[in-house]
Amino acid sequence: MDKSNKKESGTFKYRMAEASSMPKDVVLGVPIVTIVGEFEINIENYRGIIEYTDTLIRIKAKSGQIKITGKRLQIEYYTNDDMMITGRIEKIEYQ
């Protein structure tokens, strides 16, 4: 367990999510990132789009940012709850 996970696992909300039968994403409001191969990403529980080019997409989440780099990236759709990003995904970073 890295240092950030130790810190996060010690928070009251995290302990409550662990103890309850409710999913952690609901209690904590953290993003759910689903990767389908290397050409599609679905993101739920995001807060907004910070930057959007065909090689870089930065998404604001409650816990920070999600940075996606690649080639021919595009946001296929987005709603208040989720979005789909397609293209050649090379790297995903949590900041």
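In the hairpin of S1 and S2, three residues lie between the strands, and Gly-37 takes a positive phi near 60°. This is a predicted model, in which local features need pLDDT of at least 70 and side-chain atom pairs count only at pLDDT 80 or more, while totals for chains, interfaces and linings use all residues. Residues are numbered from 1 along each chain as its sequence is written, and side-chain values use heavy atoms, with hydrogens and water left out. Six strands form an open sheet in the order S1-S2-S6-S5-S4-S3, with antiparallel pairing.

**Sheet and strand pairing**

- Strands here are DSSP runs of E with at least two residues, numbered from the N terminus, and two strands pair if DSSP finds at least two bridges between them.
- S1 and S3 are the edge strands of the sheet, each pairing on one side only.
- From one strand to the next, the twist averages 45°; axes are lines fitted to C-alpha atoms, and angles run from 0 to 180 degrees between N-to-C directions.
- Strand S1 (residues 32–36) pairs with strand S2 (residues 40–44) in the antiparallel sense over five bridges.
- Within this pairing, Val-36 stands opposite Glu-40 in S2, and Val-33 stands opposite Ile-43 in S2.
- S2 also pairs with strand S6 (residues 82–94), again in the antiparallel sense and over five bridges.
- The bridge partner of Glu-44 in S6 is Asp-82.

- In soluble globular proteins, nonpolar side chains tend to be buried together.
- Contact means heavy atoms within 4.5 Å. Leaving aside neighbours within four places in sequence, Leu-73 is in contact with residues including Tyr-52, Leu-56, Ile-57, Ile-68, Arg-88 and Ile-89.

- Buried means under 20% relative accessible area, exposed means over 50%, and partly exposed lies in between (1.4 Å probe, protein chains only).
- Asn-42 lies in strand S2 and is buried, at a relative accessible area of 18%.
- The side chains of Asn-42 and Glu-40 make a polar contact at 3.4 Å. A polar contact is a pair of N or O atoms within 3.5 Å; within protein, one must be able to donate a hydrogen and the other to accept it, and residues adjacent in sequence count only if both atoms are side-chain atoms.
- Not counting residues up to four places away in sequence, Asn-42 touches Ile-32, Val-33, Thr-34, Val-36, Tyr-77, Met-83 and Met-84.

- Most residues other than glycine have a negative phi.
- Asn-45, although not a glycine, has a positive phi of about 65°.
- Asn-45 is placed in the loop between S2 and strand S3 (46–52) and is partly exposed, with a relative accessible area of 30%.
- Arg-72, also not a glycine, has a positive phi of about 55°.
- Arg-72 is placed in strand S5 and is exposed, with a relative accessible area of 60%.

**Salt bridges**

- The whole structure holds four salt bridges, a salt bridge being a side-chain nitrogen of Lys or Arg within 4 Å of a carboxyl oxygen of Asp or Glu.
- One of them joins Glu-38 and Arg-88, whose closest N and O atoms are 1.8 Å apart. Glu-38 lies in the loop between S1 and S2 and Arg-88 in strand S6, so this pair ties together parts that are 50 residues apart in sequence.
- Glu-38 is partly exposed at 36% relative accessibility, and Arg-88 is partly exposed at 31%.
- Arg-58 and Glu-51 meet through their side chains in a salt bridge of 2.8 Å, N to O.
- Arg-58 counts as partly exposed at 21% relative accessibility, and Glu-51 counts as partly exposed at 29%.
- Glu-90 forms a salt bridge with Lys-71, with the closest N and O atoms 3.6 Å apart. Glu-90 lies in strand S6 and Lys-71 in strand S5, so the pair ties together parts that are 19 residues apart in sequence.
- Glu-90 is partly exposed, with a relative accessible area of 48%, and Lys-71 is partly exposed, with 45%.
- Glu-90 and Gly-70 are 20 residues apart in sequence and 4.7 Å apart in space, C-alpha to C-alpha.

Methods
Helices (H or I, at least four residues) and strands (E, at least two) are DSSP runs, numbered from the N terminus.
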